[in-house]
Amino acid sequence: MISLNEKDFILSALESGQRIDGRGPFDYRKISAQFHQKRGQVEVSLGDTLVYSATSASLVEPYPDRPHEGFLNFQVEFLPMAHPHFENLIGPVSQKNKRIRNDISGEIERLLEKGLRRAKALNVESLSVVSGKHVWSITVNIHILTHSGNLVDACAIAAVISLLHMQVPDYKVLPDKSLEELPVYKPLSLHFLPISITLGLLPNSQVILDPLFKEELLLEGKVVVSMNVYGDILACQKTGGGSLSTELLMQCIEVARVKVKDITHLIRNSVSTAPLVEPQRVNLQRAQNLLEQVL
């Protein structure tokens, strides 16, 4: 996937503090989000890496031993056209839901579960509509469209933005325990925004932030730190066979602490400028207001 000349050029440039895209060792690529017409659907680009996230909600029955808790699930899929490297990584396609997965998508799903579900970033008790009978099941579907490095951070940012932008309809519980849908949306109850920061470990004990795809081929390992803006470490994972000293790990955590604040501020600003309600509900409310004015 990479020639010896490219490898020597990238390593020599990194030793002088430069990278092949002009960034410094601890510079992050530009993050942008494009929202769709429906709630919870967003395209997030991290440099040239592009992922699409769509959050869906459905009413299901809770577990008998947890009647007040809803569900939060993650599904990460990739398209073979996202990168030529993916054509050799296609695993067995599930005949049940026709999902295209591999080891990379499975690793991203596990990291999302650690940083979001196990860390209790989402209040699952707020997903209860009728205790023991109806709860919300939230599913975040992430599709990798273009792979240019650092898929973990791109998918994690897309999942957080999608959950923050998602809203579910409110219901009124009637005396017979049936539900009546109200023309009101309510957001999901997120206690904090977990942000994943990926740092690459080079052979010379050098650390780089947000590695490109070609840079990932030269790494001895990666350190993924999931953290919120308050400095709480939600998850920390190291991959690869390279050694990691305590001083190097503390350096990765300090770099992640600084970058999490910037990314959290960017996410909140992007969601605040997104569409507020779905078009169908807007038209319905507008028609009702116009009818009241005429009468």
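Visitor: Hi! What is the strand order in the open sheet of 4 strands?
Guide: The order is β10-β9-β11-β12, and the pairing is antiparallel. Keep in mind that this is a predicted model.

Visitor: Which ones are the edge strands?
Guide: Those are β10, covering 207–209, and β12, covering 233–240. Each of them pairs on one side only.

Visitor: And how much twist is there from one strand to the next?
Guide: On average, 20°.

Visitor: What packs on the sheet?
Guide: Helix α2 does, with residues 103–118, and it touches β11 and β12. The direction of helix α2 makes about 155° with that of β12.

Visitor: Back to the strands. How many bridges join β9 to β11?
Guide: There are 7 bridges between β9, residues 195–201, and β11, residues 221–227. These two strands run antiparallel.

Visitor: What stands opposite Leu 201?
Guide: Gly 221, in β11.

Visitor: What holds strands of a sheet together in general?
Guide: They pair through backbone hydrogen bonds, either parallel or antiparallel.

Visitor: Let's zoom out. How many helices and strands does the protein chain have?
Guide: Its secondary structure comes to 6 helices and 12 strands.

Visitor: What share of the residues is buried?
Guide: Of the 295 residues in the protein chain, 44% are buried.

Visitor: What about contacts between residues 24 or more positions apart?
Guide: They account for 68% of the chain's contacts with a separation of 6 or more.

Visitor: Last one: what is the accessible surface of the protein chain?
Guide: About 15300 Å², and 52% of that belongs to carbon and sulfur atoms.

Terms used. Residues numbered from 1 in each chain as written. Predicted model: local features only at pLDDT ≥ 70, side-chain atom pairs only at ≥ 80, totals over all residues. Heavy atoms only, no water. Pairing = 2+ DSSP bridges. Axes fitted to C-alpha atoms, helices over the stretch in contact; angles between N-to-C directions. Contact = heavy atoms within 4.5 Å. Buried < 20%, exposed > 50% of the residue type's maximum accessible area, 1.4 Å probe, protein only. Areas by Shrake-Rupley, 256 points an atom, 1.4 Å probe, with all protein chains shown as cover.
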